[in-house]
Amino acid sequence: MGPAERERFDTLILGGEVIDPANQRFGRFDIGICEGRIVRVARSLADAIAEQVIDARGQIVTPGLIDLHTHVYWGATYWGIEADPIAARTGVTTWLDVGSAGAYTFPGFRRYVVEPSRVRILALLNLSSIGLVAPTWEFANLDYCDLELAATIIRANRDVILGVKARIDANTTRGVGIRPLELARELADQLGLPLMVHIGNGPPSIDEVAALLRPGDILTHCFTGGTMRILTPDGRVHPRIRELHERGLVLDIGHGAGSFSFEVAERLLAEGIVPDVISSDIHQLAIQGPMFDLPTTLSKFLALGLSLAEVIERATVRPAQIIGRPELGSLAEGTPADIALFQVVEGTFTFYDVAMQARSGDRLLVNTLTMVDGRIVPRQEPSALHPWAQLPEHQRPIVQIGHPYRVMQARGG
């Protein structure tokens, strides 16, 4: 075949082990990219010509990860991190910010975060019109629950806003009980949108929350160890949650700094409850550890017994389906070239949950490249943490322990 007859691409990714649950494609494949889209996936494209060739030998190639629970409203909220610098080193190409912005703060979120970002950012609107400017308490004053204003903002921004978010726990609802969730339910039903509900330590109780959930909603922090956990006192799955899950309630991890328990995870997995989505709940505290980032969170589920394909599925095609973006979370020909490369590092790793309970694992996902629309996201230093971003005292040892990969390197692994 002469040069004129050889296939031509903007970028070729060669020799990687593809894990693409959306298309049930697993194994060694090459990927050809033109004008920001995947145009060829084949066993070999080694004879093709490209302006850029990426050697993926010895690595896995996945769709760009979709993180269903993030906080990326940097500088205007207590929690927000910057998406682009973190994306470049984690493989997350689509970020769903869940409730950082309320009706009063969403216009700034759209202009100053969503529009200039290299990565894809979508959102759930917080029912509270002030969003997450402060660490909590956003529902303590019901005057902030302006349904008419929230509906107006959502209707004007349907390309970005995909649903409604309500944090329901003792701090956020201080003194007003379950009423904010009743109002969030009303808003979601009025607009025909899903509702994501955060649980933690009550009151309210998990029974009160479960009564207001519907199939298609998202229950985040589903493996929390807090008093609103979805385990009954005798260690069984809450019957209403099991019934709703069987009918389409989405169970989302949302690890964060206070919402993931290894003990609860092990009990629920033994009960046959596998999360639909593994998400990070990344924010100014959680990024310091023990959560760190989405690949580390996925690695914890490898340690819990899920397969590599299962964890990738729960961070690609599953969240893509839930947010109604089937063109994402896939390496199908014709889809946007949102792609991530990882090394699967083997060794002995110690992972921690939010209570600093430890579990051992033998595999760690380490991102080596992140691509959005066919362009590599450049690695850059994020801005410094905000002065209030102090881990709770029991988690502060993780700063000295460090990320599992750095621990392995320090041991000479």
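**Buried pairs, rings and cores in a predicted model**

Both R185 and D217 are buried, a term used here for residues with under 20% relative accessible area, whereas exposed stands for over 50% and partly exposed for values in between (1.4 Å probe, protein chains only). The structure is a predicted model, in which local features need pLDDT of at least 70 and side-chain atom pairs count only at pLDDT 80 or more, while totals for chains, interfaces and linings use all residues. Residues are numbered from 1 along each chain as its sequence is written, and side-chain values use heavy atoms, with hydrogens and water left out.

The charged residues are described next. Side chains of opposite charge can pair when their charged atoms come close. A salt bridge is taken to be a side-chain nitrogen of Lys or Arg within 4 Å of a carboxyl oxygen of Asp or Glu, and by this rule the count comes to 23 salt bridges. In one of them, R185 is joined to D217, with 2.5 Å between the closest N and O atoms. Because R185 belongs to helix α4 (residues 179–191) and D217 to the loop between α5 (206–210) and β11 (218–220), this pair ties together parts that are 32 residues apart in sequence; helices (H or I, at least four residues) and strands (E, at least two) are DSSP runs, numbered from the N terminus.

A salt bridge is also found between the side chains of R120 and D338, at 2.6 Å from N to O. Here R120 lies in strand β8 (residues 120–126) and D338 in the loop between α10 (317–322) and β13, so the pair ties together parts that are 218 residues apart in sequence. The two partners fall into separate classes of accessibility: R120 is partly exposed, with a relative accessible area of 25%, whereas D338 counts as buried at 5%. A further salt bridge links R236 with E271, whose closest N and O atoms are 3.0 Å apart. Since R236 is placed in the loop between β11 and α6 (239–246) and E271 in the loop between α7 (262–270) and α8 (294–303), the pair ties together parts that are 35 residues apart in sequence. With 47% relative accessibility, R236 counts as partly exposed.

Rings of Phe, Tyr and Trp (its six-membered ring) pair if their centres lie within 6.5 Å, and planes under 30 degrees apart count as stacked, over 60 as edge-to-face and the rest as tilted. A search of the whole structure finds eight aromatic pairs. Among them is the stacked pair of Y78 and W388, with 6.1 Å from centre to centre and 20° between the planes. As Y78 lies in the loop between β6 (65–70) and α1 (83–88) and W388 in the loop between β15 (375–376) and α11 (397–401), the pair ties together parts that are 310 residues apart in sequence. Of these residues, Y78 is buried, with a relative accessible area of 14%, while W388, at 36%, counts as partly exposed.

The pair of F223 and F301 is tilted, with 6.2 Å from centre to centre and 35° between the planes. This pair links distant parts of the chain, F223 being in the loop between β11 and α6 and F301 in helix α8, 78 residues apart. The relative accessible area is 0% for F223, which is buried, and F301 likewise counts as buried at 0%. Ring pairs also link F223, F260, F262 and F301 into a cluster.

In soluble globular proteins, nonpolar side chains tend to be buried together. A nonpolar core is defined as a set of buried Ala, Val, Leu, Ile, Met, Phe, Trp, Tyr and Cys residues joined through side-chain atoms within 4.5 Å. The largest such core has 108 residues, and those with the most contacts inside it are W95, F109, L181, V209 and F223. Leaving aside neighbours within four places in sequence, W95 is in contact (heavy atoms within 4.5 Å) with residues including D67, V72, I86, R120, L122 and I282.

Cysteine residues were considered last. With a disulfide defined as a pair of cysteine sulfur atoms within 2.5 Å, a search of the whole structure finds zero disulfides. C34 counts as partly exposed at 22% relative accessibility, whereas C145 is buried, with a relative accessible area of 10%.
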